[in-house]
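Please open the model in your viewer, with the sequence panel beside it, and follow the stops below in order. Each stop says what to select and what is to be found there.

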Amino acid sequence: MRYFVVDDEAIILRDTARILDKAVREELQDDEPQIYTYSSAIQALEEAKEKKPFLILLDIDMPGINGIEMAKELEKLSSGSNLIFVTGYPKYSLDAWDTSASSFLLKPL
């Protein structure tokens, strides 16, 4: 399966991808997860159209388009991806629930 991690902070991006890799191997028993990392929501959105990820872990506060805007664009595409927001700002939680996100996690994981 394909998984996306989208965050503009390099350290968070790396650590979240590592945690995701461990979780999907142990819990979903996906022995060969395809984990893609993006520091730009715009780039991730473009690639989501083609790669159709099963799960997207998405930061909210990012330059360019933010995670909320990306989520709304994904909804227009009817991508079918599961979306989980991962952010350090609880103030965004209400906006996040206005999207098709299935969960909202606070950093650090």
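A residue is called buried when its relative accessible area is under 20%, exposed when it is over 50%, and partly exposed in between, with a 1.4 Å probe and protein chains only. This is a predicted model, in which local features need pLDDT of at least 70 and side-chain atom pairs count only at pLDDT 80 or more, while totals for chains, interfaces and linings use all residues. Residues are numbered from 1 along each chain as its sequence is written, and side-chain values use heavy atoms, with hydrogens and water left out.

**Stop 1: the start of the chain**

Select M1, which lies in the segment before strand 1 and, at 46% relative accessibility, counts as partly exposed. Contact here means heavy atoms within 4.5 Å, and, leaving aside residues up to four places away in sequence, M1 touches D30, P33, Q34 and F54.

**Stop 2: the whole chain**

Zoom out and colour by secondary structure, where helices (H or I, at least four residues) and strands (E, at least two) are DSSP runs numbered from the N terminus. The protein chain has 4 helices and 5 strands, and from the N terminus on its elements run β-α-β-α-β-α-β-α-β. Along its principal axes the C-alpha trace spans about 35 × 30 × 20 Å. For 109 residues, a compact globule would have a radius of gyration near 13 Å, and the 13 Å of the protein chain agrees with this; the radius is taken over C-alpha atoms, and the globule rule is 2.2 Å times the number of residues to the power 0.38. Of the 109 residues, 39% count as buried. Among contacts with a separation of 6 or more, 61% are between residues 24 or more positions apart.

**Stop 3: the sheet**

Show the strands alone, bearing in mind that two strands pair if DSSP finds at least two bridges between them. The 5 strands form an open sheet in the order 2-1-3-4-5, with parallel pairing. Its edge strands are strand 2 (34-38) and strand 5 (103-106), each of which pairs on one side only. From one strand to the next the twist averages 20°, the axes being lines fitted to C-alpha atoms, for helices over the stretch in contact, and the angles running from 0 to 180 degrees between N-to-C directions.

Next, select strand 4 (residues 82-87), which pairs with strand 5 in the parallel sense over 4 bridges. Strand 3 is also joined to strand 4 by 4 bridges, and these two run parallel. Which residue of strand 5 is the bridge partner of F85? That partner is F104, whereas the bridge partner of L58 in strand 4 is F85. I84, in turn, stands opposite S103 in strand 5. Because 5 of its 6 residues are buried, strand 4 is largely enclosed by the rest of the structure.

**Stop 4**

Keep strand 4 in view, with its 4 bridges to strand 5. Helix 2 (residues 41-51) packs on the sheet, touching strand 1 (2-6) and strand 2, and its direction makes about 170° with that of strand 1. Helix 3 (residues 67-77) also packs on the sheet, touching strand 1, strand 3 (55-58) and strand 4, and its direction makes about 175° with that of strand 4.

**Stop 5: the charged pairs**

Side chains of opposite charge can pair when their charged atoms come close. A salt bridge is taken as a side-chain nitrogen of Lys or Arg within 4 Å of a carboxyl oxygen of Asp or Glu, and a search of the whole structure finds 7 of them.

Begin with R14 and D15, whose side chains meet in a salt bridge (3.0 Å, N to O); R14 is exposed, with a relative accessible area of 53%, while D15 is partly exposed at 24%.

Move on to R25, which forms a salt bridge with D21, the closest N and O atoms being 3.0 Å apart. R25 and D21 are 4 residues apart in helix 1 (residues 10-26), so they are separated by about one helical turn.

Then select K51 and E47, whose side chains meet in a salt bridge (2.6 Å, N to O). These residues are 4 apart in helix 2, and so about one helical turn separates them. K51 is buried, with a relative accessible area of 19%, whereas E47, at 24%, counts as partly exposed. Finish at D7, D59 and K107, which salt bridges with shared partners join into one network.
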